Amino acid sequence: MGAETSRQPGGRVRGHGEGHTEVVVVGAGPNGLAAAVTCARAGLQVTVLEAQPTSGGGARTLDLGLADGIVHDVCSAVQAMAWASPFFRAFDLGARGVELLTPEISYGQPLPDGRAGLAYRDLDRTVDELGVDGPAWRSLVGRLSEHWPDVVRVALGDKRSIPPGLVPRGVPTAVAFGLAVLEQGTRAWDRRFQGDVAPALLTGVAAHAITPLPSFAAAGTALLLGSLAHAGEGWSIPRGGSGAITDALRADLEAHGGTVLTGRPVRSVADLPHAHAYLFDTTPRTVVEVLGDELPARARRALGDFRYGDGAAKVDFVLSGPVPWTHPELARAGTVHVGGTRAQMAAAEAQVAAGRHAERPMTLVSDPSVVDETRVVGGLRPLWSYAHVPAGSDVDVTEAVTAHIEEFAPGFRDVVVASRCVPASQMSRHNQNYVGGDISAGAVSIRQMFARPTMRPDPYATGREGVYLCSSSTPPGPGVHGLGGWFAARRAMREVFGITAVPDLRP
């Protein structure tokens, strides 16, 4: 639908900054760019304002200056949802030159005594190698992976409506997913397992939620991501880094007349150009700070009550060779969850939730060169890692992370050429959405899975007409899937401009 479509200005908020456009998007992360692309494809004039000097938000790939030619993913490195997201399936990353590389082993879990749990892309091989717990894995995770489109509909919807296409054929999968969450989200989580490898393997995925274990929110995370590991492109790694995804989004936006302005922080209404609709790829805190009294008092209180979670401290390494894992198969895994047994991970996450640093923090590790040879330059390679820490921690966790990896990979120190830590307290310097190091842009709890960011029937509405939230602080939550932006943009198009047709996103 073109620009000639009849539109009615949708709000009382009017920016005081220079320029005029139809839609302003604040923040150029995956969700903000997805919203901008959607609006531009509908024929609207779109301007994106990004505070950082580069666009991409949580999916940027940059040279950190640690070694010549070595680039690191600033936040997300492994894309378990990019290929499965309905938005990106419509956008067709492959047709735009974005190559998603699939490791043979989606993720691994090193255990004491040189053992490891391995989630192969091949479900049958995973089941075989889990031995006595193989059938339990198949019935829990494998069943969901076989019906992954329905799992995605349930887990990556707007949490306010029945996902299109789910009824009636997807109902059995939705029920199975719900029952699995009830099981793995409570102390009943060990009942189906006999050994310690399979439960540890699943718990490493649950820990992505950075929340106490077990919990319903962590279980939902584990079952969604765990099922995608055995389906489609698995836990894919974009060739060249995650920035390839947001670069493709920006290129499409600009091809359809949109503009991205970097180095343009938005601190108040005075920083906003005149527009009919505003979409914020930010946390609710930023919306409240920017709009102030422009928001109704009730809406301001509701957004102000949004709860942020514990943090992650980032440690980027440059290595002279592969991580020398004791279990050799881990060298083929795209992601390694360094946390030990299920009990050890639960104890570490409990310490973080209590405001203490774990001696052996839950640590996520990825060597992209496992599948992407272009990331090795002059014999050196990047290693990406996060450690879970209390919110706002200012601790440099380089030594704790190094020691924890060394526990399962003796000699790791010997291949480290350079490193850099960004403590949780400093994470917001490169992405304002990471309040206190909360890379999920809001606590991942059962309440905030469904009441994210507030209890409003429309989770993207802010309480001010014409102004919408479209970040990971809205459903379906964190991850590089673009869905928060896609869902919010479609509402803005309908309510502000009278555009009801969903624009074609194909190249």
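Helices (H or I, at least four residues) and strands (E, at least two) are DSSP runs, numbered from the N terminus. What you're looking at is a predicted model, where local features need pLDDT of at least 70, side-chain atom pairs count only at pLDDT 80 or more, and totals for chains, interfaces and linings use all residues. Residues are numbered from 1 along each chain as its sequence is written, and side-chain values use heavy atoms, with hydrogens and water left out.

**View 1**
The whole patch covers about 840 Å² and is made by Ile162, Val167, Val171, Val175, Leu179, Leu182, Phe216, Ile446 and Phe450. Accessible areas come from the Shrake-Rupley method with a 1.4 Å probe, and for residues only the protein chains shown count as cover.

**View 1. Helix α12 and its buried residues.**
α12 (residues 342-353) has twelve residues and reaches 16 Å from its first C-alpha to its last, close to the expected 16 Å. That expected span is 1.5 Å times one less than the number of residues. Its buried residues (under 20% relative accessible area; exposed is over 50%, partly exposed in between, with a 1.4 Å probe and protein chains only) are Arg342, Met345, Ala346, Ala348, Glu349 and Val352. They sit on the same side of α12 because they cover an arc of only 160° around the axis, taken from the directions from the helix axis to the C-beta atoms. These residues pack against β6, α6, α7 and β14 (381-389), where contact means heavy atoms within 4.5 Å.

Most residues other than glycine have a negative phi, and most peptide bonds are trans. Buried or exposed, which is Ala441? At 2% relative accessibility, Ala441 counts as buried, whereas Asp113 is exposed at 75%.

**View 2. A cis peptide bond from Leu213 to Pro214.**
Omega is near -5° here. Pro214 is in the loop between α7 (197-206) and α8 (216-228).

Key
Patches are made of residues with over 30% relative accessible area and no salt bridge: like charges are joined within 9 Å, nonpolar side chains (Val, Leu, Ile, Met, Phe, Trp, Tyr) within 5 Å. A salt bridge is a side-chain nitrogen of Lys or Arg within 4 Å of a carboxyl oxygen of Asp or Glu.
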